[in-house]
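Please look over the sequence and the model below before reading on. The paragraphs after it lead through a few of its parts.

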Amino acid sequence: MNRTTLSLIAGATALAAVTGFAALSAPGAPGADATAGAAAQLPVERTSLLCPAPSTSDLAETSYTSFTPVTEGTESGGKAELKAAAVKSADGSGADGAQEEKGEKGDGKPGEQKAEEPVLTPEEPGKPVTGDSSGAETPAFVGTADGRLAPGWTVQETTEVAAGTGRGLQGVNCTAPDTSFWFPGASTASDRTDYVHLTNPDDSAAVVDIELYGEDGSLKSTVGEGITVQPHSSEPVLLSTLSDERQSDVTVHVNVRSGRVGAAVQALDDKLGGDWLAASADPSDSLVMPGIPKDATSVRLVAFTPGDDDADLKVRLASPSGLITPAGHETVHVKGGMTAAVDLGDVTRGEAGSLVLTPTDRSVPVVAALRVVRGKGDQRETAFIPATRPVGTRATSADNSAEGSTLSLTAPTRTATVEVTASAGSEGGTPVSKTYTIKAGTTQDIEPPAPGGLKGSYALTVEPRSGGPVYGARTLSATEDGVPGFTVQTLPDDRGTVAVPEADEDLSVLQKQGG
């Protein structure tokens with residue numbers, strides 16, 4: 001009995017460290033303690049990231065930034081690389097796992113690489129590595145990292161589009177593969193062009209169902225069932241082709257029948273620019289959407305409950321002075337299986353803010369996201385903020401510059417202390433750290449510390465040191481021809497470590513149970 005128990009724990013420990021998927025502690029909820037839990041934390045030994053094809057615009061300029069934070073307990077050695085996924089040619093060939101060749105090996109730009117040539121090859125933790133690409137031909141990318149480069153590995157994809165549908169600044173964190181994703185805030189309306197990008201990192205095909213839910217429930221579709229994503233390839237699916245119904249607010253559920261994929265929605269508006277909509281945190285009765293820009297001119301909440309039960313949610317804004325209830329929007333009612341949307345207007349009123357949703361009565365799991373607009377008239381731009389997991393042990397944000405980066409942190413329930421570290425720059429600089437205290441119920445917009453002697457871009461890591469759970473987001477801004485381009489990425493735990501139960505404690509429990 002004792003030997004068997006030890007073997008099971010050792011097996012779980014090894015699996016968790018290698019994959020990062022066997023975490024034995026659940027992510028914290030808004031009321032959970034950031035430092036709670038007696039389980040040991042081990043660095044993951046291998047991780048995968050998937051980057052969607054950035055744009056179909058010939059005017060697109062895309063940069064990629066890779067960063068792995070320094071993690072204690074990792075062994076020497078390791079490898080990380082980002083390679084092009086497969087693409088199909090006009091005659092349907094090229095889907096066997098190898099990208100079509102686009103000419104000879106280029107100068108490091110992703111769009112000019114053969115499939116065999118990785119576009120980014122980080123060599124050491126603590127220093128960002130960058131690459132760039134131009135035009136509409138840049139493919140999706142599949143990335144893997146192991147050894148000391150795996151824990152917390154983060155890749156940011158940032159695209160500037162000068163004109164046309166979706167013009168502005170678009171950004172997305174490359175995602176880990178999974179089997180289920182929720183995207184409240186998508187659309188099938190005529191003025192929107194929304195694609196869900198599916199990328200398969202594995203050696204076998206993945207089979208995916210895409211379900212759409214509008215204001216009255218499920219949108220009828222047969223072509224969204226059984227979509228095959230070939231090995232090491234990416235498939236963009238235009239949402240408006242999945243249903244004849246045109247609705248402004250739609251929730252997308254990506255459900256993987258077999259295999260794994262990475263998924264993200266690219267939402268492009270004819271007049272309001274565009275951005276990537278990342279997946280919401282898993283359905284929960286309490287959600288946090290951090291980092292609403294203080295100058296937001298319009299904020300729209302989109303929520304969905306996957307079950308049959310209705311959800312009644314209390315709506316509060318975590319402002320710099322504390323939690324407040326938006327006038328006229330004290331609660332939101334979400335019918336079971338239907339998408340609800342509420343216009344909150346300029347809810348931040350010129351101050352930093354994060355939206356906090358909690359149940360008014362009984363607990364019903366929901367997913368949610370915000371569509372945020374900055375600017376006025378013809379000079380408006382859009383970004384999305386999905387509900388996110390807490391920072392947890394550590395969160396990582398890549399692709400920061402000396403100007404244009406804002407770090408937003410909120411502590412919904414209890415005062416928390418966090419340490420923010422700016423890495424060395426991609427072309428030089430000295431790391432620097434600074435500690436901040438976030439009071440309970442407040443949001444603070446922080447101008448991130450910059451590395452000494454900064455050259456190039458740098459990464460930020462956020463590590464809670466005491467107190468309650470912390471949620472975060474990073475905003476990148478770049479004004480072009482009067483249009484306030486911006487993109488927001490939330491900062492959930494970077495899954496650099498995995499919780500593994502202490503053997504002695506678990507053995508004692510099992511021994512008592514087994515006599």
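What follows covers confidence, then a disulfide, a threonine and a pair of strands.

This is a predicted model, in which local features need pLDDT of at least 70, side-chain atom pairs count only at pLDDT 80 or more, and totals for chains, interfaces and linings use all residues. Residues are numbered from 1 along each chain as its sequence is written, and side-chain values use heavy atoms, with hydrogens and water left out.

The protein chain has a mean pLDDT (the predictor's confidence in each residue, from 0 to 100) of 86, and 84% of its residues reach 70 or more. Over residues 1-28 the pLDDT is below 50, and this stretch has 38 contacts (heavy atoms within 4.5 Å) beyond near neighbours in sequence. Where pLDDT is low, the predicted coordinates should not be read in detail.

A disulfide is a covalent bond between the sulfur atoms of two cysteines; here the sulfur atoms must be within 2.5 Å. By this rule there is 1 disulfide. It joins C51 and C174, with sulfur atoms 2.0 Å apart. C51 lies in strand β2 and C174 in the loop between β8 and β9, so the pair ties together parts that are 123 residues apart in sequence. Strands (E, at least two residues) are DSSP runs, numbered from the N terminus.

T65 lies in strand β3, residues 61-67. Why is T65 called buried? Because its relative accessible area is 1%. Its contacts outside four places in sequence include P128, T154 and S457.

Strands β20 and β22 run antiparallel, joined by 4 bridges; two strands pair if DSSP finds at least two bridges between them. L313 stands opposite V332 in β22, and V332 belongs to the covered face of β22.

Conventions
Buried means under 20% relative accessible area, exposed over 50%, partly exposed in between (1.4 Å probe, protein chains only).
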